[in-house]
Amino acid sequence: MGTSNTYTEIELVQGLRARDQQIFGYLYDHYSPALYGVVLKVLNDENTASDVLQEVFLKIWRGIEKYDTEKGRLFTWMLNIARNTAIDTLRSKAHKLDQKIHELSNDVYLQTSQLTVHPSVDHLGLTKVLEKLSKEQRTIIDLAYYKGCTQEEIARLLDIPLGTVKTRMRNAIIQLRNVLKQM
């Protein structure tokens, strides 16, 4: 690919539809920084943004036949693909679970004990209250209320049945309620 070549939008669209790899390379070289910026702004994660950018260019390559010149410019179409792909990634369950697992693995190294309440909420006195729970109950309360995990996600993370998660959570809440009544 010659970097001195410039193409009009019509040439780019025709080249992509003809599966011209030189045109695709030109498109990637000239538009990937802008599309990466959009993806990064949505995801706020450089590693994931790089992966999503590759997916965006695959969608452009595979979906160029769907592009309609009468509906807008090529760049606007590509920008919409980038934004929508980033939003889809952000909404995906796998992405959310990865984020939670990443946060959990970081916490393991930060905490001196097993999964417990963050010290930042200790000023509320919750740590002492939560200490009255069993280790299993504290872990589930921590994952549900401080990490934002759903019961299904907790079951997967701890490799226990969903019913066990529900029972432990219910028992923990009842026990917390009783402890708080006594205070």
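Predicted model: local features only at pLDDT ≥ 70, side-chain atom pairs only at ≥ 80, totals over all residues.
Let me begin with the cores. The largest nonpolar core has 23 residues, and those that touch the most other members are Leu27, Leu35, Val39, Val56, Ile60, Leu74 and Trp77. Helices α1, α2, α3 and α4 each give two or more residues to this core. Consider Leu35: leaving aside residues up to four places away in sequence, its contacts include Leu53, Val56, Phe57 and Ile60. There is also a second, separate core of 9 residues, and among them are Ile140, Leu143, Ile160 and Val165. In general, nonpolar side chains of soluble globular proteins tend to be buried together.

I turn now to the aromatic rings, which form 6 pairs. Tyr7 and Tyr26 make an edge-to-face pair, with 4.8 Å between the centres and 80° between the planes. Tyr7 belongs to the segment before α1 and Tyr26 to helix α2, so this pair ties together parts 19 residues apart in sequence. Tyr7 is partly exposed, at 22%, whereas Tyr26 is buried, at 8% relative accessibility. Phe24 and Phe57 are also edge-to-face, because their planes stand at 85°, with the ring centres 5.9 Å apart. Over the face of Trp61 lies Arg19, 4.9 Å from the ring centre.

Finally, which residues of α9 are buried? They are Val165, Met169, Ala172, Leu176 and Val179. Viewed down the axis of α9, these residues fall within an arc of 95°, so they line one face of the helix. The face turned away from that buried side carries the exposed residues Arg170, Lys181 and Gln182.

How values were computed. Residues numbered from 1 in each chain as written. Heavy atoms only, no water. Buried < 20%, exposed > 50% of the residue type's maximum accessible area, 1.4 Å probe, protein only. Helix = DSSP H or I, 4+ residues; strand = E, 2+ residues; numbered from the N terminus. Arc of directions from axis to C-beta. Core = buried A, V, L, I, M, F, W, Y, C linked by side-chain atoms within 4.5 Å. Contact = heavy atoms within 4.5 Å. Phe/Tyr/Trp six-rings, centres within 6.5 Å; stacked < 30°, edge-to-face > 60°. Lys NZ or Arg CZ within 6 Å of the ring centre and 35° of its normal.
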